Amino acid sequence: MKLTKEEVEHIAKLARLGISEEEKEKFRDQLSSILEYVEQLKEVDTDEISPTAQVTGLENVMAADVISDCDEETMKKLVASAPMHDDNYIKVRGVFE
Amino acid sequence: MSLNNLTIKEAHDGLKKKEFSSVDLAKACLEQIKKTDEKIKAFITVTEDIALKQAEAADKKADFSNPLAGIPFALKDCFCVQGIKSTGGSKILANYIPPFSATSAEKLEKESGVLLGKVNLDEFTMGSSCENSGFFPTKNPWDLERVPGGSSGGSAAAVAADQCFYSLGTDTGGSIREPASFCGTVGLKVTYGRVSRYGVMSYASSFDTIGPLTKTVEDAAIVLNTIAGHDSKDSTTPPVAVPDYTFDLKKDIKGLKIGVPKEYFVKGMDPAIEKSVQEAIKKFEDLGAKIVEVSLPLTKYAIATYYILVKSEASANLARYDGVRYGFSATADSLSQNYLETKAQGFGPEVKRSIMMGTYALSAGYYDAYYLKAAKVRTLIKREFDQVFKDIDCLVAPVTPMLPFKLGEKVDDPLQMYLADIFTVPINTAGVPAISLPCGFAKPQNGDKELPIGLQIIGKHFDEKTILRAAYNYEQATEWHKRKPNL
C-alpha cells in the first residue's frame, strides 16, 4: 500500500524536516517500497521474545554524578561553534511568533 | 619500490633500524596523494603541515616501541579531531571544527601517529558506494569508473592506492568490510564495544563499530592493539581485557572448526565471487581446518531487521543537527522554521530518507509493528549466531554478492543499494566481529578490468584473535594481498 502525501507530510513534520513537493512524491514511492520489503518480518514468530538493544549484555552503566572541568579555551570554542552566540551564551531564535 | 608501498610492519622495522625517517614516510605518502588523488578523490582534507610536524616530532622522540609510532594514517571524516575540519561527509558540517578529539584519534596521536588527513565517506556513513558524500564521490583505484564501496570508501581507496599505511573507518552494517572487499584491502569490523565510539559521529548507536583498514592482516592486528579497550567516555565499551592481537597470529589453524553458512551462497550472486570463496574454503581445508556446513535460517530477514532498527536509531541521532549549537544554520526568522530549512538545505537524499524511514518506524501506531518487531527478530538473529558458535570456531562467507559496480548504477534505487549489504548486516545485528580480506580477482560482465573479491571471516563475541589468525594463515598461503592497482 502506497503512503499518502499527507502521511509523508506528517512524518516530515514530526522530524522537523523541510521537504519539497518533489521530495514528497519521491519519498512516497521509496518509503512505500521499503515498507513493503520489511513486511516479511511478519513471517517470524516473535511471541514471548524480548527485544534486543544491547548485544554485549551490558546494562545500566552508571557514572558518578560529578561535573568534570572544562578549560576556558575549550568552553570558548564550544560556544564559538554555535551559529549565533553572544559572550558566553548560545543565541536561539524566537519560539513565539 | 617507494616507501609508501610498505606495510605498517615493514615501515616500523625500517624506522627502528633507521633506514629511513618518519618524515620520509610522510613525504612519500603526501607525494602519492598529490600524484593520484585528483583521480581517486579519497581525501576531503589533507593535513600536510600537521603530518610533517608530527613526523618530525616522532623522529625526534625516536621511541618506536609502539609499531604505530611515526606511521602516517588517514581518518574517515566522521572522526572528530580537535582543530581539524571534520565534516562527516555532510554539508551540514562542511565547516565544522571540533574542539575535542575522538578517543581513537587521541590514542593514535599519543603513540606518535602521523595524521595525513581526513577521507571521504557516504554522508554520516549512510551508504554502500561513497556516492552519498555531500561533497564528491570517491573512485575505485582498480577501475576509476567504479565505486570504492562505502561508507568507508575514502579509507579503502586511500589504503589500496598506497596514499597512507592504514586508515580508521566505521562499520554499522558493512561500511568497513564492503569497501575493503571492493578495493582489495583488509578491513576489520570489531565486536560491538571493542573500540570506543567517543568522538565519532553516530549513525546507529547500537550497531556502530570502529576498526582499521590495512594492507595486511598483521597490520590490522597491530592497529587494533592500540585502539581497543574500555573507555569511560563510551559506556558501551565493556571492561574486557585487550589481548596482544599479534601474539597467536602466526599459529597454524590445524583442527580449527570453520562453519560455512549455506544461506550466504544465494541465487543471483556473482558466480566469480562464489567460485573464489569456494576456492578459499578449499584452501582452509588444505591448511588443516575442519569445514562444516552450518545453517543460519534467519539470514533472509537480516536486511529488513537491520534497516528498521538502524534508520530508527539514525533518525534520533540526526536530530542534533538543528542549526543551534554547531554546524550549518539556515536564516529563517522563527526557530521551528529554521529547523525545517536547516535540515532541508544541510542534508542529502539518503540522510533525509533515513530520517523519514526512522521517524515513521518510531511514530505512534507503528512502533510495535516496525521497531519493536525488528528488535525482537534481532534477539533471534543473535541467538542463532550464539547457537552456531557453540560448535565451531569461526564462519567463512563472501563479503558482498556483487563486484564493485559503476558510479551511478544503483544510486537511484535505495533498495537495490541496501541489498549490497546482505552478507554484512547480519554480523552487526548480532554484534560479532568479522574481517574482510582479498581472496581473488575477476572481470565483471560489463567491464574489462580485474576487480578484487573479498572473503569474510566471522567470529565469536570478543574473539577477534581467532578470525585474525584464520585470516593471517589464509593470506600467507595466497598472493592476493600483493597485487596493486595500476595508477
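Contact here means heavy atoms within 4.5 Å. By that criterion, 51 residues of chain A touch 67 residues of chain B in this predicted model. The size of an interface is often given as the accessible area lost when the parts come together. For chain A and chain B, about 5,000 Å² is buried between them. Carbon and sulfur atoms carry 70% of that area. On the side of chain A, three residues stand out: A:Leu41, A:Val55 and A:Arg93. Together they supply 15% of the area that chain A buries against chain B, more than any other three residues.

Charged pairs were examined next. Side chains of opposite charge can pair when their charged atoms come close. Over all chains, the search of the whole structure returns 26 salt bridges. Across the interface of chain A and chain B, the rule finds one salt bridge. B:Lys352 and A:Glu23 meet through their side chains in a salt bridge, at 2.9 Å from N to O. Another salt bridge lies within chain B, between B:Lys118 and B:Asp77. Its closest N and O atoms are 2.8 Å apart. B:Lys118 belongs to strand β3 (residues 114–119) of chain B, while B:Asp77 sits in the loop between β2 (72–76) and α4 (103–110) of chain B, so the pair ties together parts that are 41 residues apart in sequence.

Two packed helices are described by the angle between their axes and the distance between the axes. Helix α2 (residues 22–40) of chain B packs against helix α3 (residues 48–61) of chain B at an angle of about 160°. Their axes are 8 Å apart. Because angles over 145 degrees count as roughly antiparallel, α2(B) is roughly antiparallel to α3(B). The crossing of α2(B) past α3(B) is right-handed. From α2(B), the contact draws on B:Ser22, B:Val23, B:Ala26, B:Lys27, B:Leu30 and B:Lys34. From α3(B) come B:Glu48, B:Leu52, B:Ala55, B:Glu56, B:Ala58 and B:Asp59. The residues of this contact of α2(B) with α3(B) comprise six nonpolar, one polar and five charged.

A second pair joins helix α9 (residues 302–317) of chain B and helix α12 (residues 368–388) of chain B. These helices pack at an angle of about 125°, with axes 9 Å apart. The two are therefore oblique to each other. α9(B) passes α12(B) in a left-handed crossing. On α9(B), the contact residues are B:Ala302, B:Thr305, B:Ile308, B:Leu309, B:Ser312 and B:Glu313. On α12(B), they are B:Tyr370, B:Tyr371, B:Ala374, B:Ala375, B:Val377, B:Arg378 and B:Ile381. Nine residues of the contact of α9(B) with α12(B) are nonpolar, two are polar and two are charged.

Two backbone features were also recorded. In chain B, the peptide bond from B:Gly150 to B:Ser151 is cis, with omega near 5°. B:Ser151 falls in the loop between β3 and α5 (153–160) of chain B. In chain A, A:Asn60 has phi near 40°, a positive value in a residue other than glycine. A:Asn60 is placed in the loop between α2 (21–38) and α3 (72–80) of chain A.

Definitions and conventions:
Residues are numbered from 1 along each chain as its sequence is written. Chains are lettered from A and ligands numbered from 1 in the order in which they are written. This is a predicted model: local features need pLDDT of at least 70, side-chain atom pairs count only at pLDDT 80 or more; totals for chains, interfaces and linings use all residues. Side-chain values use heavy atoms; hydrogens and water are left out. Axes are lines fitted to C-alpha atoms, for helices over the stretch in contact, and angles run from 0 to 180 degrees between N-to-C directions. Helices (H or I, at least four residues) and strands (E, at least two) are DSSP runs, numbered from the N terminus. Angles under 35 degrees count as roughly parallel, over 145 as roughly antiparallel, 65 to 115 as roughly perpendicular and the rest as oblique. A crossing is left-handed if the near helix is turned anticlockwise from the far one by less than a right angle, and right-handed if clockwise. Ala, Val, Leu, Ile, Met, Phe, Trp, Tyr, Cys and Pro count as nonpolar, Asp, Glu, Lys and Arg as charged, and the others, Gly among them, as polar. Buried area is the accessible area (1.4 Å probe) that two parts lose on being put together, summed over both. A salt bridge is a side-chain nitrogen of Lys or Arg within 4 Å of a carboxyl oxygen of Asp or Glu.
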